[in-house]
There are 2 protein chains.
Amino acid sequence: MPTLEELRIRLDDVDEQMVRLFEERMSICEEVGEYKVKNGRKVLDRQRERDKLQEVAGKVSTDFNKKAVQELYDQLMSMSRKLQYQQLVKAGALGRLPFIGVSSLDDKNARIVFPGTEGAYSQAATKNYFGEDCNNFYVRTFRDAMEAIEEGAADFAVLPIENSTAGSVDEMYDLLVEFENYIVGETIIPIVNTLAGLPGTELSDIQRVYSKGVALMQASRFLDEHGDWQQISVANTAIAAKKVLDEQDKTQAAVCSAYAAKVHGLAVLADNINDDQGNSTRFIVATNQKIFLKDAKKISICFELPHESGSLYHLLSHFIYNDLNMTRIESRPVEGKNWEYRFFIDFEGNLADPAVKNAIRGLREESINLKILGNY
Amino acid sequence: MPTLEELRIRLDDVDEQMVRLFEERMSICEEVGEYKVKNGRKVLDRQRERDKLQEVAGKVSTDFNKKAVQELYDQLMSMSRKLQYQQLVKAGALGRLPFIGVSSLDDKNARIVFPGTEGAYSQAATKNYFGEDCNNFYVRTFRDAMEAIEEGAADFAVLPIENSTAGSVDEMYDLLVEFENYIVGETIIPIVNTLAGLPGTELSDIQRVYSKGVALMQASRFLDEHGDWQQISVANTAIAAKKVLDEQDKTQAAVCSAYAAKVHGLAVLADNINDDQGNSTRFIVATNQKIFLKDAKKISICFELPHESGSLYHLLSHFIYNDLNMTRIESRPVEGKNWEYRFFIDFEGNLADPAVKNAIRGLREESINLKILGNY
């Protein structure tokens, strides 16, 4: 039996020849690319690719090798397509993306909408991004905020998209698909909740606690120590604070930020009651224009998948081959289609970058309903 | 300039040689596999793989080709590993998975726990899976149900995992990671909600509507027609029905199933009020034993990702090369680690199948904290 060393020398020898053939193959593919640029031919030729896969499978012996050589050629042809997209970019034939690069957001005198009420975390995020003195107002729901920017009642909306421990805000993902609004910025705000009540309230007075469902959940260790308190979920932590103020009832308290308590004239009865210290929420800044900041570094897109096994895997290869770092992937059901999914992907890049144009071009050709949600 | 036809003939010629080298390479890798089986060597040799990637990159000219040839060899070495895992399986050296195959679930006289109260959709799912006359009881929360089976207070738990329009039940995913309980079955139940109140209630009497938050959301078109109704979310649709019965107040109504209304002696005031017809929820059946049905067809696993760009893509290749069809992917934040994610994947297969053992072996070696959640 040969030693591992001997076997590896034989492998190195095969690889020497294989790499040479690989370079030759890529160079012929480049010539094919030139031909396609000149003649306006599409890069992806599904029939030719299918034929090639059948051909190479016919040339090998075992079932394992048939599968493997098809995977190998799937990858080789995918590389060749990526090379050809790059040639299209260089030839200026890739076309423009429908987004306009801007040097800064036009936020002078801008009206900014957020969901909730005065003192909401969304307001804190608004001031963090646009400055303490920005012109901001609130509406009741996430949908109301998306409508306000779509209609032009506001120039920007600030909305929560993800919490560091609770995960995605599912509703926002669905709204980003539904509305023709785009993400132009993001900001992260620490979530530190308190128990707040009317001044003079004792813990022993309390019978009912109001807050956003997820905020109640995230303070469950503290709240479980008072198991007799009724927990009632409302749309927003600051709305809970306002309710406690409005109803002037010392049996009621709110789980909300110290800032919301202050805005609504409540006293902090217990500070920092979250189970998890270091909790934070990421907010997006959205607008109704297809714009992106020229120094934007992150892109969010979504698409549906064709019904083929392995298709997500092949779509993700567009990030790999264009050297783009995928930072997040989420799936949500497609409305009206039971058990079908839409994928949301964040990756690093700028829409002006040829590698990004490449990847998006390839993804658009091979997925369904691709939408660029923003570059920020 | 050569024609497309001429270029393709040259490609075919290169491919002829390449495929021959590919077969030769796989055959040497098989010899390496035999050596490793005999000598108890690990399949994955990270250093050797890193050296090989550097070596092949050094042999090609452009940046594009360097990247591409490394991807190609990443894939070739991944194939070689999969081949070697198969050899380990054949040699009986792959080891056993810690799950025991059973012909049927031991559900005679079994006690089955579900969350909510009498009339909950979880109870409907329980009866659908275990039969109308099964011995079932309820606890308040999902966590309570998981604890009941962990402690042995119940033999099985029936819990919602995914809704066809609202998506994943995030909390259940976190609980499956936390508890040493395993999925052994699943069942899908149509969700048809009604508005239910005390007998004799008129729509005009109603001031407050109780239900699970997601059920209120999914009936928003109907409820928005009565914008003056206060909507209050409680843990479960059947708990809402019980509350309306208990409080005997005609200004209150519940959004719940017709079955929950009947169980709690309420009248159906409006039938089928969901926005989306055809809504359904998938429930899992969990137990505290590491067992799987011998005819089980779906496997759920989860793992965390090492911090390397592209690592999800490479992990997914284990499904492709073992010919396993991935049906679902979800991500959730890892508790205590801000902005890090755990991935949940469903794929078709049975734990007794060598391809599945292969894939899980490879995934376990290349991911962090892989857990098999069940085979059902």
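1. In this predicted model, Arg25(A) and Asp15(B) are joined by a salt bridge in which the closest N and O atoms are 2.7 Å apart. In general terms, side chains of opposite charge can pair when their charged atoms come close. The rule finds 14 salt bridges across the interface of chain A and chain B, and 31 residue pairs are in polar contact across that interface, both residues being at pLDDT 80 or more.

2. Which element gives the largest share of the side of chain A that touches chain B? That share, 25 residues, comes from helix 1 of chain A, which spans residues 4–39. Taken by residue class, the side of chain A that touches chain B divides into 39 nonpolar, 22 polar and 28 charged residues.

3. As to the extent of the interface, 89 residues of chain A are in contact with 90 residues of chain B, and the area buried between the two chains is about 8,500 Å², with carbon and sulfur atoms giving 61% of that area. Phe64(A), Tyr313(A) and Trp339(A) together supply 9% of the area that chain A buries against chain B, which is more than any other three residues supply.

4. How are the two copies related? Chain A is superposed on chain B by a rotation of 180 degrees with 0.0 Å of shift along its axis, at an RMSD of 0.1 Å. The two copies are therefore related as by a two-fold rotation axis. The same surface serves both copies, since 100% of the contact residues of chain A recur in chain B.

5. Turning to the layout of the chain, the domain assignment of chain A gives domain 1 (13–95), domain 2 (100–191 + 280–293), domain 3 (197–270) and domain 4 (296–376). The C-alpha centres of domain 1 of chain A and domain 3 of chain A lie 62 Å apart.

6. Over all chains, the count by this rule comes to 52 salt bridges. One of the pairs that meet in a salt bridge is Arg332(A) with Asp170(A), at 3.4 Å from N to O. Because Arg332(A) lies in strand 15 (residues 326–333) of chain A and Asp170(A) in helix 6 (residues 170–178) of chain A, the pair ties together parts that are 162 residues apart in sequence.

Note on methods. Residues numbered from 1 in each chain as written. Chains lettered and ligands numbered in written order. Predicted model: local features only at pLDDT ≥ 70, side-chain atom pairs only at ≥ 80, totals over all residues. Heavy atoms only, no water. Contact = heavy atoms within 4.5 Å. Buried area = accessible area lost by both parts, 1.4 Å probe. Salt bridge = Lys/Arg side-chain N within 4 Å of Asp/Glu carboxyl O. Polar contact = N/O pair within 3.5 Å; in protein donor to acceptor, adjacent residues only side chain to side chain. Helix = DSSP H or I, 4+ residues; strand = E, 2+ residues; numbered from the N terminus. Nonpolar A, V, L, I, M, F, W, Y, C, P; charged D, E, K, R; others polar. Domains from an automatic or database assignment. Least-squares fit on C-alpha atoms with pLDDT ≥ 70 in both.
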